Amino acid sequence: VSVEVGKLLDAGLISLDEDKAIRLTDAGRAIAEETYEKHCYFKAFLLAAGVDEETADREACAIEHAVGGETFRKIKAVYPLP
């Protein structure tokens, strides 16, 4: 965990306050929000396709990290969800 925290610090995605609490930077928050948007979209897409909720949640988690931002925007443009 400490290695990954170091990587996130070096990338400027998190900061540590004086109490050693981890906080997202603006850049880190933007990535987190984009990742969450992808997760919600792909979970809804899978649920609409008839996938059970547990599987949809698990597989959306995998998809959200595999699909880049540009690809995600193109998928949403072709397959908009309500």
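## Helix H2 against helix H3

In this predicted model, helix H2 (residues 26-48) packs on helix H3 (residues 53-66) at an angle of about 140°, and their axes are 8 Å apart. Because angles under 35 degrees count as roughly parallel, over 145 as roughly antiparallel, 65 to 115 as roughly perpendicular and the rest as oblique, H2 is oblique to H3. Axes are lines fitted to C-alpha atoms, for helices over the stretch in contact, with angles from 0 to 180 degrees between N-to-C directions. Helices are DSSP runs (H or I, at least four residues), numbered from the N terminus.

In contact (heavy atoms within 4.5 Å) are H2 residues including Thr35, His39 and Leu46, and H3 residues including Glu53, Ala60 and His65. The residues of this contact comprise seven nonpolar, three polar and six charged (Ala, Val, Leu, Ile, Met, Phe, Trp, Tyr, Cys and Pro are nonpolar, Asp, Glu, Lys and Arg charged, the others, Gly among them, polar).

## Helix H2 against helix H4

H2 and H4 pack at about 40°, with axes 12 Å apart, and their crossing is left-handed. Glu34, Glu37, Lys38, Tyr41 and Phe42 in H2 meet Gly69, Phe72, Arg73, Ile75 and Lys76 in H4. Four of the contact residues are nonpolar, one is polar and five are charged.

## Aromatic pairs

The whole structure holds five aromatic pairs (ring centres of Phe, Tyr or Trp, its six-membered ring, within 6.5 Å; planes under 30 degrees apart are stacked, over 60 edge-to-face, the rest tilted). One of them is tilted: phenylalanine 42 and phenylalanine 72, 5.7 Å centre to centre with 50° between the planes. Phenylalanine 42 lies in H2 and phenylalanine 72 in H4 (residues 69-78), 30 residues apart.

## Confidence and conventions

The protein chain averages a pLDDT of 95, and 100% of the residues score at least 70 (pLDDT is the predictor's confidence in each residue, from 0 to 100).

Residues are numbered from 1 along each chain as its sequence is written, and side-chain values use heavy atoms, leaving out hydrogens and water. Local features need pLDDT of at least 70, side-chain atom pairs count only at pLDDT 80 or more, and totals for chains, interfaces and linings use all residues.

Note on methods:
Helices (H or I, at least four residues) and strands (E, at least two) are DSSP runs, numbered from the N terminus. A crossing is left-handed if the near helix is turned anticlockwise from the far one by less than a right angle, and right-handed if clockwise.
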